[in-house]
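Q: I have a new structure on my screen. Can you show me how to read it, feature by feature?

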Amino acid sequence: MEIIKSRQNKKAKYYRSLLQKKYRIKENLFLAEGAVVIREALDFIDPKYVAIEDKKDFGEIINLLEKKNIPYDIYDREVFETLSDTKTPQGIIGYFEVENQTFEPKPGKYLYLDGVKDPGNIGTIIRTAEAFGVDGVLLSSECAELYSPKVVRSTMASIFRTKVYSDINLMDIRNGFKIVCADLKGKSIREKTDWDDTIVVIGSEAQGVSKGILEICDEAVLIPMDKNIDSLNAAVAASLFMYEMTK
């Protein structure tokens, strides 16, 4: 197989463009980096294309790609680095089609992220949601982009197995659910026992749950903390709520 050595190569230019949000949206594609992520993804969904750095040993993955007739190319290191979102590329990038899922409310336990901006937090929350068996993660339109490389990377492949929905307006889907907001003025999470058919709302790192959503909450719940601590990282708070609601 011929190695792609020019940054001006058409494929290199095209896949490099997907580092920008506007082109990911236009092409309905997102990228995921790393051998572990690509290998796990192949058990659930086939990438449209895979870029591999020359002189990297991904024999098992290449065998799977060839068996599934998934196109791939080998790039020299200098060109491959221009395709990667990280300072230390992991040598393999998969490009996947975005599945535009429509949320259809069903009984269950869900997490709603209200304006969470940090991609790492969103990715960690998605991975934790898979670990605890939450029925779905819902993102408001003010959240960071679900398919940004950092969010995808932070999920460690959970994005391929977890039900996640973007641009969700809580007002549109609240009927039939108890809306529980994480808020410092609420009652202790230790007192909360009924989590059936509940949507837990986690607010942004800077502002917390927005005023409009607080006004429609059925219940406000807080995580008891030492008096010297006034807040938790959004992913940490979400993890504690998910543990409580699914135990």
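Predicted model: local features only at pLDDT ≥ 70, side-chain atom pairs only at ≥ 80, totals over all residues.

Q: How does strand 2 run relative to strand 5, parallel or antiparallel?
A: Antiparallel. Five bridges join strand 2 to strand 5 (residues 92-97). To find the pairing on screen, look for A32, which stands opposite G94 in strand 5.

Q: Now a single residue. Where is D73 found, and is D73 buried or exposed?
A: D73 is found in strand 4 (residues 72-75). To judge burial, compare the relative accessible area with a cut-off: buried means under 20%. D73 has 11% relative accessibility, so D73 counts as buried.

Q: What does the side chain of D73 make polar contacts with?
A: Take two partners. The side chain of K11 is joined to that of D73 by a polar contact of 2.8 Å. The side chain of Y49 also makes a polar contact with the side chain of D73, at 2.7 Å. Leaving out residues up to four places away in sequence, D73 touches M1, I4, K11, Y49, V50, A51 and I52.

Q: On to charges. How many salt bridges does the structure hold?
A: First the idea: side chains of opposite charge can pair when their charged atoms come close. This structure holds 15 salt bridges. One of them is between the side chains of E130 and R161, at 2.6 Å from N to O. E130 lies in helix 6 (residues 119-132) and R161 in the loop between helix 7 (149-155) and strand 8 (164-165), so the pair ties together parts that are 31 residues apart in sequence. E130 counts as partly exposed at 30% relative accessibility, and R161 counts as partly exposed at 27%.

Q: Which parts does the salt bridge between K187 and E219 tie together?
A: The side chains of K187 and E219 meet at 2.7 Å, N to O. K187 lies in strand 9 (residues 178-188) and E219 in strand 11 (residues 219-222), so the pair ties together parts that are 32 residues apart in sequence.

Q: Which residues of the salt bridge E244 to K247 are buried or exposed?
A: That salt bridge spans 3.0 Å, N to O. E244 counts as buried at 17% relative accessibility, whereas K247 counts as exposed at 65%. Elsewhere, salt bridges that share partners join R39, D43 and E60 into one network.

Q: Last, backbone angles. What is the phi of K55?
A: Positive, about 70°, although K55 is not a glycine. K55 is found in the loop between strand 3 and helix 4 (59-67). K55 is exposed, with a relative accessible area of 80%.

Q: And where is D167 found?
A: In the loop between strand 8 and helix 8 (170-173). D167 has a positive phi of about 55° although it is not a glycine. D167 counts as exposed at 59% relative accessibility.

Key
Residues numbered from 1 in each chain as written. Heavy atoms only, no water. Helix = DSSP H or I, 4+ residues; strand = E, 2+ residues; numbered from the N terminus. Buried < 20%, exposed > 50% of the residue type's maximum accessible area, 1.4 Å probe, protein only. Polar contact = N/O pair within 3.5 Å; in protein donor to acceptor, adjacent residues only side chain to side chain. Contact = heavy atoms within 4.5 Å. Salt bridge = Lys/Arg side-chain N within 4 Å of Asp/Glu carboxyl O. Pairing = 2+ DSSP bridges.
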